[in-house]
Amino acid sequence: MADQTIVQALLLGVLEGLTEFIPVSSTGHILLAGHFLGFDSTGKTFEVLIQVGAILAILSVYAARLWKITTDLPSDPKTQRFVAGILLAFLPAAVIGGLAHGFIKTILFESPMTICIALLVGGVILLWIDKLPLKPKYNNIMEYPPSLCFKIGLCQCLAMIPGTSRSGATIAGALLMGTDKRSAAEFSFFLAMPTMAGAFALDLYKNYDLLTADDITLIVAGFITAFISAVIVVRYLLDYVSKHGFALFAWWRIFIGTAGLIGLWLVG
């Protein structure tokens, strides 16, 4: 295994952590970067499995809050409703992701053009939403009604198209349905835990017999850098979006989508 490949895995891990929780599509960025770097993982497992680093980043940053939720769950109705809401939101992705896993990995993950177009379209939609005169009805994730949670979960399914962004789809959907920016981003954090853990487990189950020792080394390298960079993002993202909104991320999507299309036109 070449040192260059290890360096690529480390860089892609950093990219995963930096982009997982902002609405720019971490998977889209990793697949595009891998395409132009010539990085080709076995069964595209690297791109999915390193997301566990981002999961652990949430767990580390939200450890105290998660512990409180765990201890309050048996007796507190508000906590019970919140956990039920997260599970309801996770349900659509669990069903559709399980049924469409093969199509997603073998068709959508292999189409850089689709990723670039999704990045562009998503950027335009985020700019539009960011300028709408929305009046939030919900600003506390513990008080989201079950119906809202389920509909946010349906929005999350759009992210099965790489380039769409899991956090972008959930945040945009939540904003249009009456949440404020900070709580929408926070709900997306919590929803990421079962969603990404489920994607990790499913992909590992489908592909574990194909993985070599070199593949595992690359995944571990990407996991470590994904964890470190994701911790930084999770610590500061909520304050940023509360003050500045999502316009910066929208323009970044448009820039990367445009650059990707130009790159594909020039070099294929």
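Student: What should I know about the model before reading it?

Tutor: It is a predicted model, in which local features need pLDDT of at least 70 and side-chain atom pairs count only at pLDDT 80 or more, while totals for chains, interfaces and linings use all residues. Residues are numbered from 1 along each chain as its sequence is written, and side-chain values use heavy atoms, with hydrogens and water left out.

Student: At what angle do helices H2 and H7 pack?

Tutor: Two packed helices are described by the angle between their axes and the distance between the axes. Axes are lines fitted to C-alpha atoms, for helices over the stretch in contact, and angles run from 0 to 180 degrees between N-to-C directions. Helices are DSSP runs (H or I, at least four residues), numbered from the N terminus. Here H2 (residues 26–37) and H7 (residues 112–131) pack at about 135°, with axes 10 Å apart. H2 and H7 are therefore oblique to each other; under 35 degrees counts as roughly parallel, over 145 as roughly antiparallel, 65 to 115 as roughly perpendicular and the rest as oblique.

Student: Which residues of H2 and H7 meet?

Tutor: Contact means heavy atoms within 4.5 Å. Gly-28, His-29, Leu-31, Leu-32 and His-35 of H2 meet Pro-112, Ile-115, Cys-116 and Leu-119 of H7. These contact residues comprise 6 nonpolar, 3 polar and no charged. In this scheme Ala, Val, Leu, Ile, Met, Phe, Trp, Tyr, Cys and Pro count as nonpolar, Asp, Glu, Lys and Arg as charged, and the others, Gly among them, as polar.

Student: With which side chain does the side chain of Asp-130 make a polar contact?

Tutor: A polar contact is a pair of N or O atoms within 3.5 Å; within protein, one must be able to donate a hydrogen and the other to accept it, and residues adjacent in sequence count only if both atoms are side-chain atoms. Asp-130 lies in H7, and its side chain makes such a contact with the side chain of Lys-181 at 3.3 Å. A polar atom of the Asp-130 side chain also lies 3.3 Å from the backbone nitrogen of Ala-247.

Student: How many salt bridges does the structure hold?

Tutor: A salt bridge is a side-chain nitrogen of Lys or Arg within 4 Å of a carboxyl oxygen of Asp or Glu. The structure holds 6. One of them joins Lys-68 to Asp-72, with the closest N and O atoms 2.6 Å apart. Both residues lie in helix H5 (residues 63–72), 4 residues apart, about one turn of the helix.

Technical notes. Helices (H or I, at least four residues) and strands (E, at least two) are DSSP runs, numbered from the N terminus.
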